[in-house]
Amino acid sequence: MKKTIEDIDVKNKRVIVRCDFNVPMQDGAITDDSRIRAALPTVKYLMEHDARVILMSHMGRPKGEPKMEFTMKPVADRLSELLGTDVVFVSSPLVVDDAVRKAADELKPGQVMLLENVRFRKEETENDPAFAKELASLAEIFVQEAFGTAHRAHASTAGIADYLPAVSGYLIEKEVKFLGDAVESPKRPFVAILGGAKVKDKIPVIRNLIGKVDTLLIGGGMAYTFFKSEGCEVGKSILDEDSVELAASLMKEAKEAGVEMLLPVDIVCADKFDNDANTKIVPYNEIPADMEGLDVGPETVKLYGEKIRKAATVVWNGPMGVFEMDNFAKGTNGIAEAMAECPGTTIIGGGDSAAAVRKAGLADKMTHISTGGGASLEFLEGKKLPGIAVIEDK
Ligand code: ADP
Ligand code: MG
């Protein structure tokens with residue numbers, strides 16, 4: 001178990017919190033503030049417990065330079081609105097300088113300040129110890145609250161913990177609880193659904209999950225590489241030629257491990273990669289040479305749905321088809337509906353899968369939707385995330 005903000009005394013202390021305020025922007029305005037809202041419970045807890053709160057984050061890709069189109073100013077303004085109190089913001093091209101240090105020193109208990117974009121300094125992504133120390137010098141405690149960058153060892157996500165005691169905020173606590181604990185000690189049956197575009201991206205996940213799950217359901221673009229490995233023709237479907245042999249050995253590994261690994265039984269084929277394409281539903285081994293598979297068919301949704309509804313734990317990563325086009329979103333939506341109806345613990349890890357669940361209006365029916373695409377994938381791969389590893393154990 002990792003220490004959280006509730007396990008330490010924060011009263012009067014300067015607490016520096018690494019948030020994920022990497023919000024989408026258009027013409028200098030925030031188009032979606034959900035990442036800022038997501039951090040509010042942690043920020044409010046610290047304010048209410050008389051901490052002197054210093055927040056920091058990156059936004060966009062300023063590539064180590066103080067490019068003002070990536071200033072955190074709009075985030076400071078939105079935070080002030082959401083908290084109903086002024087947020088101190090000193091825009092420094094160096095992120096930390098004398099003016100920033102002074103502002104941090106002068107913070108009163110319950111007050112909040114936001115630093116400038118940490119990626120204004122190239123030392124951030126280099127995890128430079130001197131920069132980590134500069135950040136650490138502002139505070140007495142480090143709180144990790146940015147899951148989206150927890151798989152990166154940067155100065156503000158990992159290096160800083162060499163100089164300060166580190167605990168988790170509420171967001172990180174939740175990610176560790178669901179992605180970590182559910183995968184490590186799941187209630188069974190434990191079903192994982194894997195989709196997405198390419199097998200290659202998901203090989204380490206498949207490998208790790210074969211050792212843990214009872215049932216593995218494969219869909220999306222990666223299914224065609226598995227079909228090919230069984231000797232089926234896949235027409236013009238997305239195919240990862242280099243991974244065909246590997247797909248065969250993963251099937252074998254699953255069999256030897258006693259894991260039920262299922263492939264789609266029917267496919268929605270299209271004559272072109274277009275929402276208005278002519279389509280045809282065929283058995284998995286009858287994909288016409290001049291068509292491509294863009295979604296799983298209704299029989300697959302039924303079969304997978306039965307497994308999902310009976311599961312005690314379900315983890316889903318990767319859409320079942322090209323869900324961005326409505327005519328090829330039925331497979332993905334069907335899986336989302338089955339998960340919504342599953343009485344067990346349901347977890348979504350993966351940026352596109354999360355988007356699909358939101359689009360289907362089923363987000364509030366899931367136990368947990370991870371906030372970090374890349375980070376959640378690494379969790380499912382069984383990797384140690386640097387930003388999580390630095391948090392002290394209870
Ligand atoms: P996640 O972000 O949930 O981890 P991925 O990024 O791995 O998921 O994959 C999502 C992408 O996979 C989507 O853009 C989707 O269009 C694509 N995809 C799914 N099925 C197919 C298919 N049959 N052919 C081509 N692309 C597909
Ligand atoms: Mg993705």
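Two strands pair if DSSP finds at least two bridges between them. Helices (H or I, at least four residues) and strands (E, at least two) are DSSP runs, numbered from the N terminus. The model is predicted: local features need pLDDT of at least 70, side-chain atom pairs count only at pLDDT 80 or more, and totals for chains, interfaces and linings use all residues. Residues are numbered from 1 along each chain as its sequence is written, chains are lettered from A and ligands numbered from 1 in the order in which they are written, and side-chain values use heavy atoms, with hydrogens and water left out.

**View 1. Parallel strands β15, β16 and β17.** Strand β15 (residues 313–317) runs parallel to strand β16 (residues 345–348), and four bridges join them. Within this pairing, Trp 316 stands opposite Ile 348 of β16. Strand β17 (residues 368–369) is also parallel to β16, to which two bridges join it. Ile 348 has Ile 369 as its bridge partner in β17.

**View 2. Crossovers between the strands.** A crossover is right-handed if, with the strands pointing away from the viewer, the path from the first strand over the helix to the second runs clockwise. A right-handed β-α-β unit is made by β15, helix α10 (residues 330–341) and β16. From β16 the chain crosses through α11 to β17, again as a right-handed β-α-β crossover.

**View 3. The shell around ligand 1.** Ligand 1 is surrounded by 19 residues (a heavy atom within 4 Å of the ligand). The closest are Lys 202, Gly 293, Glu 324, Asp 352 and Ser 353. By class, the shell holds six nonpolar residues (Ala, Val, Leu, Ile, Met, Phe, Trp, Tyr, Cys and Pro), three charged residues (Asp, Glu, Lys and Arg) and ten polar residues (the others, Gly among them). Helix α11 gives the most to this shell, with three residues.

**View 4. Polar contacts of ligand 1.** A polar contact is a pair of N or O atoms within 3.5 Å; within protein, one must be able to donate a hydrogen and the other to accept it, and residues adjacent in sequence count only if both atoms are side-chain atoms. A polar backbone atom of Gly 293 lies 3.1 Å from a nitrogen atom of ligand 1. Oxygen atoms of the ligand take part as well: one is 3.4 Å from a polar backbone atom of Gly 318, and one is 2.8 Å from a backbone N or O atom of Asp 352. Ligand 1 taken alone exposes 580 Å², of which the protein buries 83% (Shrake-Rupley method, 1.4 Å probe; for residues, only the protein chains shown count as cover). Two or more residues of the shell come from each of β14 (292–296) and α11 (351–359).
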